[in-house]
Amino acid sequence: MQQPSLSKKLLTKVLSVYFILTLVVTVGQIVAEYYNAKNYINNELTTLQNTFAGSLTRAIWELNTPQTLNIADGLLAIPTIEGIIVRDDNGAIITQSGRYIDIQQRFSNQLVSEEVSLSEQGSGIFGFTFPLIFEFSGRTSQVGDVTLFSSRDIVIERIKVGLYFLIANAMLKTTFLIILFLLAFRRYLIEPLADLSQQIEDLDLDQLDGSKVIVAEDQGAELSFMANAFNRLLARLSDNQGQLKQTQQQLLVSHNKLDQQNLLLEQEVARKTSGLSQAMMDLQQQKQELLHKKQALREEIEQRVQTESNLLQKQRELQETIDNLNLAQDRLVQSEKMAALGGLVAGITHEVNTPVGICVTATSFLDERVSKLSSAYQQKQLTPKMLEEFLQEAQQSTALLQSNLSRASDLIASFKQIAVDQASEATRTINLCDYLNEIIRSLQPHFKKTQYQIEVNCEENIILDCPAGAISQIITNLLMNSLIHGFEDREHGLIRITVLDNEHNIDIHYADDGKGLAADQLAQLFHPFFTTKRNQGGSGLGTHIIYNLVRQTLGGSIEVSSQLGEGLHYHICFPKKLNR
């Protein structure tokens, strides 16, 4: 019975694990795409409600049923909406169209006072019911409610192209991996083993002198080890054959002497018999020596096998050590990101304290002036001049409060979005120019007391759907590297960020006029833990994080050029649409 091939067994096991993993990952991506599309449609329903609620509410308030029907038909014409139900203030249905869920069974004739979600698993229909509130003369009254429906079919239609892409991508990668494994196994395992076996079969056991098994240098250390061990075995067998031939020659000489003695001296048979016995003892001794050598050879082969097993164990231990080092590096990178976020928090907190302090002072002043005015009024000493002065001071105080509160609000809003993006790799839609300005505004506390200038050249209509946190982390690390390293011992500096919108890619050119880097430093710039401030607490992870974010998260490329005294220039290029 022919035993199964080692390469086929190994290839079957590896590909089986890969097929299962690919299937699980593809199914998970499909489920995630479905729920992301469904959440997006829910947001669209909410947006449509906010858009048409005012006109629909007024039409119902004015009892303008034709206009209400026209608005309902217009909403139903939107591809996201499959059904609509509009009710008046008595809970009676004014119109219901398309596919919908019977809300009378759930709410009877009662109106909803807040947003309520609806879903039906069997038909796949889902939607939201919103109250319609009419405001008149400062008073509000509910004139009815509206229910918008969508369905599972719309969600699937939205993600259909993405599903085809995911499945095709998985099949393409699987086919490529199978071909790659087949070629690799054939090149590095099957063909070298077949060649080694053929060389062993072609050996002439009668002509072992100079015979060797040859293995190419690029066929692996294991095959070279086996070939060397087999060649040493052939050498020992050749030596043993030589000794055996020499012994046979000695036996022939002894036999010739015995024959001569038998022919010449038959009377000395007893003595010759004794000599023959001695020769037989010598032969027996040589046989024992050969057996001992054979046993020694077997022990050496077993020792070689044990050595190979020990080497494999050491290799596994080294691999575990490498995995632990990679895990430690990932943790250090995460710590570096959290440290940067902590610095951002401290800077924003210090920056917000100034407008808040001004607001507190203005409020205290305004409270004092109100107290004085109230006292003068109660004592009937209030004069038009005092009231005029109070009004002027109140206007100045409120203007000061409004400007500083607006400034604090802008700072907090920028910090909130940048902080959320840096702590998450979620994909969202951004205006690249506005987002770059928000990042710079969040880092303003670090540049506030310096004379460094930051110049941004970017079109205002570049809209991207990308991991905003990656862009925030990249720009933040570049700016902080220029501040800490590039402008060290310099009072003036210029940072220029230029963004070019190509057809399919985004090009970002970042340049500063700092002190630059030498050629040997530039070659190590993206290496983990490389820093020019090792003795001052630098971790050397900033540029390494930038490199990984550009290559892995954004799927792009990054190049750097620099000369001492002429600053540093980065060229970052990444596609507008990420392949995820």
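A nonpolar core is a set of buried Ala, Val, Leu, Ile, Met, Phe, Trp, Tyr and Cys residues joined through side-chain atoms within 4.5 Å. Buried means under 20% relative accessible area, exposed over 50%, and partly exposed in between (1.4 Å probe, protein chains only). The model is predicted: local features need pLDDT of at least 70, side-chain atom pairs count only at pLDDT 80 or more, and totals for chains, interfaces and linings use all residues. Residues are numbered from 1 along each chain as its sequence is written, and side-chain values use heavy atoms, with hydrogens and water left out.

**View 1. The largest nonpolar core has 43 residues.** Leu432, Ile471 and Val499 have the most contacts inside this core. Elements giving two or more residues include helix H8 (432-442), helix H10 (468-486) and strand S9 (492-501). Helices (H or I, at least four residues) and strands (E, at least two) are DSSP runs, numbered from the N terminus. H10 gives the most, with nine residues. Beyond its neighbours within four places in sequence, Ile471 is in contact (heavy atoms within 4.5 Å) with Ile430, Leu432, Tyr435, Ile439, Cys466, Leu554 and Phe574. A second, separate core has 19 residues, including Leu56, Ile71, Leu75 and Val143.

**View 2. Thr80 sits in the loop between helix H2 (65-76) and strand S1 (83-88).** Thr80 counts as buried because its relative accessibility is 5%. Its side chain makes a polar contact of 2.7 Å with the side chain of Glu44. A polar contact is a pair of N or O atoms within 3.5 Å; within protein, one must be able to donate a hydrogen and the other to accept it, and residues adjacent in sequence count only if both atoms are side-chain atoms. Leaving out residues up to four places away in sequence, Thr80 also touches Ile41, Leu45, Phe149, Ser150, Ile154 and Arg158, among others.

**View 3. Five strands form an open sheet in the order S2-S1-S5-S4-S3.** The pairing is antiparallel. Two strands pair if DSSP finds at least two bridges between them. Strand S2 (93-98) and strand S3 (116-120) stand at the edges with a single partner strand each, so one side of each has no neighbour in the sheet. The twist averages 15° from one strand to the next. Six bridges join S1 to strand S5 (residues 139-151). Gly83 stands opposite Phe149 in S5.

View 4. Axes are lines fitted to C-alpha atoms, for helices over the stretch in contact, and angles run from 0 to 180 degrees between N-to-C directions.
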